[in-house]
Amino acid sequence: MRLWTQFTRGIRSLFRREAEGALLDEEAAHYLAELTSDLESKGLRPDEARRTARMRMGSLAAVREQVRDSFWESAVAGFASECRQALRRIGRSPGFAATAVTMLALGIGGTAALFAVIESVLLRPLPYPEPERLVALVHSAPGVNLDRLPMSQSFYFTYSEEARVFEALALWNGNRATVTGDLEAEEVPTLFVTHEFLRTLRVRPEVGRDFLASDGNPGAEPTVLLSDGYWRQQFGASNSVLGRRLTVNGRPHEVIGVLPRGFEFLDEKISLVIPMRPRREDVRLIGFGEGGIARLKPGVTLSKANADMARCIAFAPAKFPLNRGFAANTFADARIAPKARQLQDELVGDAGQTLFALLGAAVVLLLIACANVANLLLVRADGRQRELAVRAALGAGWGRLARELLLEAAFFGLMGGAVGVSLCAIALPMLKTSGLVSLPRVSEISMSAGTLGWMLAVSCVASVLLGTIPVLRYARPRMDNASGRWTTEPKERRHAHHALVVAQVGLATVLLIGAGLLIRTLESLRNVDPGFSRPETVQAVRISVPSSHVAEQLKVLQLYEAVRGRFESIGGVETVSITTSAPMQGRANRPVFVEGQDSGPGRVPPVRHERSVSPGFADSIGSRMVAGRDFLWDEMRNGPPRVIVSENLAREVWGGPREAIGRRIRPSLQHGWSEVIGVIADLRDEGLRNEAPKIVYWPLQDRSGERNELPRNVDLLIRSPRAGSEFFVQELRMALREIDPNVPLANIRTLESIHRKALARAELSMALLAIASAVALLLAFAGIYGVIAYSVSKRLREIGIRLALGSQPHEVVRVFLQRGVTLSLLGAGLGVVAAAGATRLIQSLLFEVGAMDLAAYAVALCGLAVAATLASWLPARRAAAVNPIESLRAE
Amino acid sequence: MDEPGTDVIQGTLDMLILKTLSLEPMHGFGVAQRIEQVSRGVFKVNPGSLLTAFQRLERVGEIEAEWRRSPNARRAKYYSLTRLGRKRLDAETADWTRRVSAITRLLRTEG
């Protein structure tokens, strides 16, 4: 209670300090007056009485201070006034303040932005309840050389029936579906899932109901869930949508619910979710093309889950028949092993390394900025040396002086932080919408309380770093320095400046070398031959023809041919080809049996990349036939089955492209042989960083099996100089509508955009690191320049004496130049050592560049040498221009 | 200047002020004068300490203040005891008496 009144009264008196002070003064004055009259009444003369009273009482101001200082709020008020003074001092040199704040804001804002990204992408859990229990069901199959094998329906049933570690599991398959009906035919992103999917994620529909087991029943009427966005856009968010029928891929689906707003799965925006309805008795053992997720039971670890999955896998061959045409021991030889991982890790992938490397760069930049500002503060405190010494002599405690210097540094730190926050708040949304950033979860990036806390912590650490150096040097000024009349510079003071410059140069060296390595990486990636050429002139569009729309395969082929013919008649179009997937976007794999080699029973041939192509594929992507010839359109329908392979496959299997022609292969024992008629140059189908996979190009219509196989989802590759233009796409759309108004044009992009995506992450990290290192170089330049210039200005008298005694101006210049260059060399040397360690951390970001790449080191050091020499020479030159007489006279 | 023994015994200033004010409301100099007179000049009060003590006692609500005209027509701050102050005075007086008699006894036996 007493404490509380102390506190509240204290607060009140803080806000009424002026008024209370006046009252206190009045009371003291009254005391003095009464004392005086009392003394007078005792017989003293009025002037004598006044003097005695004053003497007894002491100064009124001292009384007031005595009264005030005995209460806690006076400490607060004192601190506030010190803050005001510090701010006033800062305000008196706005140029200095602006420089310091800008440097710090860049450093702090940079680290904050990267922290926000890391926090949002890596640290923030997925937006589902208890996300740490969600895992992605992935496998590896070392026996067929696949280190990533997704889920199959057979495993889905096996795990559902046998596994003990899962609370729920589901299959999913991201795809597109065509919606027709009252609305114009449209392809929309669709997720096909088994009925437990939402329950596994623990997401409930906002409207309507979740899928039930009956929705997975192949005999029941198909059902569909809408996304919030699709519901609003197509149905005006009307509740009456429940129970309506939506025609998806030609079949009516009953709308049973709407997903919550903002629902996303693995970064994909989805419009529809439709149950997969596998018929258990039709499921074959092999067929790995589905995604799998599961929710672990509480307390189950990943390794326990993997062990249990491994146990279950052993049951699978007994539960499901092997696909026809596969050798009996295919499954066992593949040696499938589980490799479940956290769903979050699956989503984020390897983005973490890039982000942490960039955060490291930002922190280094911040340290350089701090070193620079500390140097500025040191120079500033130097200028106040005399004032500080006088105040210390007059009784200011060193604690008070230290507090003053620290406060100033703290204000710089906090202002830098505040400006940094604003920069970050402006930059983040721009970064998000710019499309430059190819990161997972990019839409979730935002500033959070964690980011603000990080900013505050960084600002405080920066303030302490900044403040400590001048405090250590100046808080206890010695009287012998107080005259401020040096002819030369005191040695110990130079050391602080020098150490800071060496640190700056060293840190800048690390960044420069890092940026150099990434530039070299990007260069190597750009030089990689992707296997296609002039990608900016290739337009890719996707169409799908569901069997409910066109039942007969023959008709589909006719449709494809008609579309190709119609597209080729559009002005400016050179070639049109049809394929199951555009370059760098294919994912299909199948075993390939080679005639006369490994078709013996019991041996499983390696799995190969594959895609189905129409004639003209190589032409349309700008690749070339290394040997043999392309397909002909006629061969899609007639004649013996034929096939094309990639050059590296031909080399591996037959020893060379020419040797491959005329040989025969097949995808299973059930298929007939197909004759190799051509060999296409290699294609980097799995990204620029990965070796070109060995690919089999089956004809679009493959007639080697029992049934003709014709893909119903295909990409059209159209080579034309007009690719990418709005008009051109419009023309394509009109042309397609002429042929069939119910087939929509989807996934419109150019081959160049696909290529750029493959470069995007390397480009982004290179660009950011290049900017960071340029700023670092600039700051280091400013640091060297500042220290040399300051040293010249302090040693004008010494220089004057030297010149008067006959020194040559160029010798004087050399002294300073030498100092700047020596410091830089020292810094660069330390930087190289640090870089050798630091660049190992970014090894995984590099491509065909060693961490000790000589060119990168050489370029970085040359750049640094030029900057250091220039930064020392510019101020050193001024030393030579000193007029001895003036400098000696000046005081 | 250094007359020995004129400082108020540490910790007793509050009690002396409360005692003085228990007779009638008084201004600062009045309190100082009264303490000096009643103690026959043994205690001289430092004005700074006195005004600080007033602030402290006012803040905890043991005395309250009012601006009034003094007899010689000056505006002065008059302090008076509150109920809380009276209670504290009684407690302190009892405590003090107990201590003093104990110390007196001790000194007597030692002597």
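Predicted model: local features only at pLDDT ≥ 70, side-chain atom pairs only at ≥ 80, totals over all residues.
## Cavities

On a 1 Å grid over the protein atoms alone, a cavity is a set of points where a 1.4 Å probe fits but cannot get out, and its lining residues have an atom within 4 Å of a point. Residues are numbered from 1 along each chain as its sequence is written, chains are lettered from A in the order in which they are written, and side-chain values use heavy atoms, with hydrogens and water left out.

Chain A lines the largest cavity with residues including Ser13(A), Arg17(A), Glu20(A) and Phe71(A), and chain B with Gln55(B) and Arg59(B). Helix 2 (17–41) of chain A supplies four lining residues, the largest share; helices here are DSSP runs of H or I with at least four residues, and strands are runs of E with at least two. The lining has three nonpolar, three polar and five charged residues, where Asp, Glu, Lys and Arg count as charged, Ala, Val, Leu, Ile, Met, Phe, Trp, Tyr, Cys and Pro as nonpolar, and the others, Gly among them, as polar.

## Cysteines

The whole structure has zero disulfides, a disulfide being a pair of cysteine sulfur atoms within 2.5 Å. The sulfur of Cys83(A) is too far for a bond, because the closest cysteine sulfur, in Cys460(A), is 13 Å away. Cys83(A) is buried at 15% relative accessible area, and Cys424(A) is buried at 1%; buried means under 20%, exposed over 50% and partly exposed in between, with a 1.4 Å probe and protein chains only.

## Aromatic rings

Over all chains there are 13 aromatic pairs. Rings of Phe, Tyr and Trp (its six-membered ring) pair if their centres lie within 6.5 Å, and planes under 30 degrees apart count as stacked, over 60 as edge-to-face and the rest as tilted. Phe155(A) and Tyr159(A) are edge-to-face, at 5.8 Å centre to centre and 70° between the planes. Both are buried, and both lie in helix 7 (residues 153–162) of chain A, four residues apart.

Phe54(B) and Tyr79(B) are stacked, at 4.0 Å and 15°. Phe54(B) lies in helix 3 and Tyr79(B) in strand 3 of chain B, so the pair ties together parts 25 residues apart in sequence.

How values were computed. 1 Å grid on protein atoms, 1.4 Å probe; cavity = no way out; pocket = protein on both sides within 12 Å on 5 of 7 lines; lining within 4 Å.
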